[in-house]
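Here is a short briefing on a ligand site and a helix pair. Read it beside the model.

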Amino acid sequence: MRTHARAVVIGGGVVGVATLYHLARKGWSDVVLLERKELTSGSTWHAAGLLPLFNLSYSVGQIHKYSVALYPQLEAETGQNVGFRKVSNIRLARTKDRFDEYMYYAGVARTIGVTVNVLTPEEVKALWPLCETDGLLGAIQHPDDGYIQPADLTQAFAKGARALGAEINRQTTVTAITRTPSGEWKITTDKGDILAEHVVSATGSFARQTGAMVGLDIPVLPVQHQYIVTEPHPAVVERRRQGLPEMGVLRESDSSWYLREENGGFLLGPYEEGAPACYLDGPSAGAEYELFQEDLDRLAPHIETAMARVPAFGEVGVKKVYNGAIAYTPDGSPAIGPAWDLPNFWLNEGHSFGVTAAGGAGWQLAEWIVEGEPSIDMLGVDPRRFGPYASRGYLRKKNEEAYAKVFTVHYPDEERVAARPLKTAPCYDRMKALGAVFGTVYGWERPNWFAPPGYALTADDLAKPDVLLNENHPAPRPGEAIREKWSFRRSNYFRFVGEECLNVAANVGLQDMTPFAKALVSGPGARAWLDSIFANRIPKTRGRIALCHLLTRYGGVRSEFTVFEREPDSFYLVSAGALERHDHDTLRKLLPGDGSVAFQPVTEAMGVFVLAGPNSRALLQTLTDADLSNAAFPWLSGKRLSVGPVGLDALRVNFVGELGFELHHPIAMQNALFDLLWEAGRAFGLKPFGIRAMLSMAVEKSYRLVGRELSIEYAAFESGLDRFVHPNKGQFLGRDALVAWREKGFANRFVTMEVHDVTDADARGSEPILHKGEMVGRCTQGTYGWRVGRSLALGMVRPALGDIGQELEIVILGKPHRATVIAESPYDPENARLRA
Ligand SMILES: Cc1cc2nc3c(=O)[nH]c(=O)nc-3n(C[C@H](O)[C@H](O)[C@H](O)COP(=O)(O)OP(=O)(O)OC[C@H]3O[C@@H](n4cnc5c(N)ncnc54)[C@H](O)[C@@H]3O)c2cc1C
């Protein structure tokens, strides 16, 4: 075994070996993999081998696409048969909502470059003669996917990696990982130590044990998953004998199962309610090729629906049931990327579709490690999307929920209920009393919208479609009124959100934005450091606020911060609540080593209220003797205020495009502040508003969001950040690459569009944008703009098609709509209201 390596990968499942292969392919031959038992002896050996391309996450979709394209090539490259059966994959739809999901997904797939066909029930029958088609509305088909032999695939990766110089050590257990004074990682194994620059943890069900070696609470906990293999069926055997094509992988999503042919019989895999989290304290030291006791009772409802759909399935006996561990995260997507707080420690964990994801996950992680950045926007799988709130108990509830919801409709407005409420701001009960319907971000409860007193959906509204497991309008907690129904279309809350927007425009609204990520950056080197990392100028005048972007080394956008110099050499940074760990970890890793800058997270110490609307100044003025006039307190500045007895920082910024203030206050004083504002607000038409109203108003202002229009994949100038990015200010992170990118020419341009003829479904983001039938871009956000009375969308298109007046088409839920490029900020383009 080598004693030094550039990178050590821990774990010889398909994911670890694929990572090793891609590191070697990137030119790092000095890489080593350590596996405690045999390759594939964790979860990989018993996987059903399906390769579903279907995924609504952009990051995961890209990863899956890469894998499915790579696997046949890998066989050609290594000579190792991977058993790839490209039999296609058919997903059935029994309900309108399901069909909407498929149509939305078809748009996502098109923007990613994945082929999807829409099938009628008759076409399903032609492809799957043993499938009954009663009650089907139709289906979608991925012609390019199918299934593979996971163990053979792993061996092919291993062969390919070895051929490129990588070393694989089986029967070698990592027992400790420490950091040497020189900054390397020392990996201790039962066969000796290795020093390495980088460590990749790809340890499947062992993730939390591996994390514990370096003090990381990795947000992964496996869940049990079963599939049934039957005896051969004469009809399938006969089809094989006649040389007829193998029937594709069949998924009845509305009954939550997959089915495929297996050795003349069938393989059925349900995703059932009640599957327990497992290995709560990790697998045992001796665990190898481990399965759990089967539990067919749990699968019974799914078996019944499978028998109804494919009667032949019910005509043969069960040969074997596999019940194995499948790694999960709270949202069901894997955790691929850097570990927080540790340099050069990488995670490739939490894979529930690891056979499908392995190739793409290895590819992107290897790019990240070797080149410093992935080329795909990986926010959807970044391990730092979860925070310290994701304790083992939380994971247990959320991961079981994520498992049970693999096949439920993935509504864009879905708010899952497990492990809630967890983090609540002090004003939670007050907001609740005002009718708040909450969503979650980063573990926090946050009002999405406000229902009128006594509002509840009626029995008619609640009529449930005939499906297993899918509930699109759960009670937040047993016994509570059901107040929203999720949908891909405008749903019951649409008009209430509209009322919130219109009240903000006419009077004044109050919003709880406590989940914002907040930090203090201070010290003698603080200003110079911020100036060296951010693309915007750090204001010289105390009290001025700047919107600052942190670029990638290639000139894309990683994060966005509001920066306010609170005291000399002490800067207050605010960024997206969902990205707290991501943003703070990124900043901490960039801190200078000389101790001249201190970084202090203050998210949980500070609450935030947004007070926005034309009456906001007059309202606030009744509570403070400070001069709030425009001259004394202009737009884009901040001020220390006493509001009644509450000392706070007021920032004249907001995300809704009105005169307004963000009130950053000590969280312990939140309710005192709330009561003051609420009482004083009576005279000014104060009403609460939620995140959905905010997002709608933000689109009316063409405001960009990280993960949408701002991405590591788009140059900052492609996203139209010219006002905030100043290459002539001197050096900053990503500057030279951005300038070079501009010289090379851009492939995208940010546009705002009006969408025509919308009746009940606005764009939401990820829809294809067409010109003369050809795809020329994708939507990044969309909404109905209540203040402008139009359906709007933001998007990225080819630069030549971004001029005002350009006619385009946006495909919403399968239906093309005419869209016209309009000037940015259709609401108050001069910012007169903001500056008032
Ligand atoms: C019943 C079932 C069916 C499935 N079907 C599919 C499917 O059809 N398609 C699909 O894409 N996915 C499927 N999956 C999921 C798939 O099996 C996993 O996502 C995948 O195998 C994960 O691979 P991995 O490399 O991350 O983990 P593993 O295969 O578990 O590998 C992790 C490895 O790390 C090693 N290790 C851990 N700790 C240490 C240490 N300290 N030192 C050295 N080595 C260590 C372990 O021994 C293990 O071999 C299925 C899962 C189950 C349970």
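A polar contact is a pair of N or O atoms within 3.5 Å; within protein, one atom must be able to donate a hydrogen and the other to accept it, and residues adjacent in sequence count only if both atoms are side-chain atoms. A backbone N or O atom of serine 43 lies 2.8 Å from an oxygen atom of the ligand. The model is predicted: local features need pLDDT of at least 70, side-chain atom pairs count only at pLDDT 80 or more, and totals for chains, interfaces and linings use all residues. Residues are numbered from 1 along each chain as its sequence is written, and side-chain values use heavy atoms, with hydrogens and water left out.

**Ligand contacts**
- For valine 174, a backbone N or O atom lies 3.0 Å from a nitrogen atom of the ligand.
- For glycine 13, a backbone N or O atom is 3.5 Å from an oxygen atom of the ligand.
- The protein covers 98% of the 1,000 Å² of accessible area that the ligand has on its own (Shrake-Rupley method, 1.4 Å probe).

**Ligand shell**
- The ligand is surrounded by 37 residues (a heavy atom within 4 Å).
- The closest are Glu35, Thr44, Leu50, His351 and Gly354.
- Helices H1 (14-25) and H9 (354-371) each supply at least two shell residues, as do strands E10 (223-230) and E14 (318-326) (DSSP runs: helices H or I, at least four residues; strands E, at least two; numbered from the N terminus).

**Helix pair**
- The axes of H1 and H2 (residues 58-78) come within 14 Å and cross at roughly 75 degrees (lines fitted to C-alpha atoms over the stretch in contact; angles run from 0 to 180 degrees between N-to-C directions).
- H1 is therefore roughly perpendicular to H2 (65 to 115 degrees).
- Tyr21, His22 and Arg25 of H1 meet Tyr66, Leu70, Leu74 and Glu77 of H2 (contact: heavy atoms within 4.5 Å).

Terms used
Parallel < 35°, antiparallel > 145°, perpendicular 65-115°, else oblique.
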